[in-house]
Structures are given as structure tokens and as C-alpha cells.
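Open the model in your viewer and keep the selection panel at hand. The tour goes stop by stop.

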Amino acid sequence: MTLLHIIARGKIARSPEAELVARYEKRLGWPIRITELPETGGKVADPLSPCRTVLLDERGKAMDSEQFAEVIGRWRDDGVREVRFVLGAADGHSDAERDAADMLLCFGKMTWPHLLARAMLMEQLYRATTILAGHPYHRSG
């Protein structure tokens, strides 16, 4: 099963957003890892190979939940072992990071606080995995 790996700048600490992230983390049937990095620097373990990298970025593509699930399902079916979802620091991602990414993804044209974006990502990952499993959550949420 493909590892879903969220890499985020900043600590989520105790917050309502942290509770949402934890709730979806417990419900996810896929392996999940969350790596928190300081605002600058920090190191992430080498990825499992093959790996895909998705940057949450204001310049990214907006998708509906089915499209998002389709992409994750295709990567899973193609043998991708890890998908990294990267939430950048307050200044976003560099052009080099954008160029190196496999996908740029946005949650619409609005700007979202990082903690809320992390919770939204976790919910969409859970939703995508339920869509792929044919579970009714997607229609009831």
C-alpha cells in the first residue's frame, strides 16, 4: 500500500486543527506519516522509491475529490510506494521546488492558514481512500 506522507512546516501543537488531523489519521486505512519541520531547515528521511511529490501551492491545480482520488489510485496502481504532500513555510515554495514536484495542488483561490490546510488535506486523503475503496463516506460527507 502506498505511504501517504505529509511534510509540513511548523508545529500543529494542541489545537482544534490538530484534533481534526488526528481524527482522520486514525480513520485512514492507508499508511500515513506526518513530518513536521521547523520554519526553515530540517531534514526529511529519504523517500521510498518510486515516490511522487505534491506541493500544496496557490498556483496549483484545483481538483474535485474524485479527480484527486483518481490520481492517488493511479499512482498506487503504478507501484508508487510513497506520495509526499508538502505544505511550505509562510512564503510558500521556491520555483525550484515547484519545478521538481510531480503536481501542484491548491484548495481553491483563497489563502488558507497552514494548520487548516493540513486538516483539509487529511480529510481529502481520507475521502480519496474511501472513494477508492467504494465506501459511502464520500457521499455522506
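Which residues is Glu123 in contact with, leaving aside its neighbours within four places in sequence? Select Tyr24 and Tyr137: these are its contacts, where contact means heavy atoms within 4.5 Å. Glu123 is found in helix H4. Its relative accessibility is 12%, so Glu123 counts as buried (under 20% relative accessible area; exposed is over 50%, partly exposed in between; 1.4 Å probe, protein chains only).

Some ground rules. This is a predicted model, where local features need pLDDT of at least 70 and side-chain atom pairs count only at pLDDT 80 or more, while totals for chains, interfaces and linings use all residues. Residues are numbered from 1 along each chain as its sequence is written, and side-chain values use heavy atoms, with hydrogens and water left out.

Next, select Leu4, Ile6, Phe68, Phe85, Leu121 and Leu125. These have the most contacts inside the largest nonpolar core, a set of 31 residues. Such a core joins buried Ala, Val, Leu, Ile, Met, Phe, Trp, Tyr and Cys residues through side-chain atoms within 4.5 Å. Among the elements that each supply at least two residues are strand S1 (3-9), helix H1 (16-27) and helix H4 (114-133). H4 gives the most, with seven. Helices (H or I, at least four residues) and strands (E, at least two) are DSSP runs, numbered from the N terminus.

Now centre on Leu4. Its contacts beyond four places in sequence include Trp30, Val83, Phe85 and Leu125. A second, separate core has six residues, including Val44 and Leu55.

Two backbone stops remain. A cis peptide bond joins Ser49 and Pro50, with omega about 0°. Ala13 is not a glycine, yet has a positive phi of about 50°. Ala13 is found in the loop between S1 and H1.
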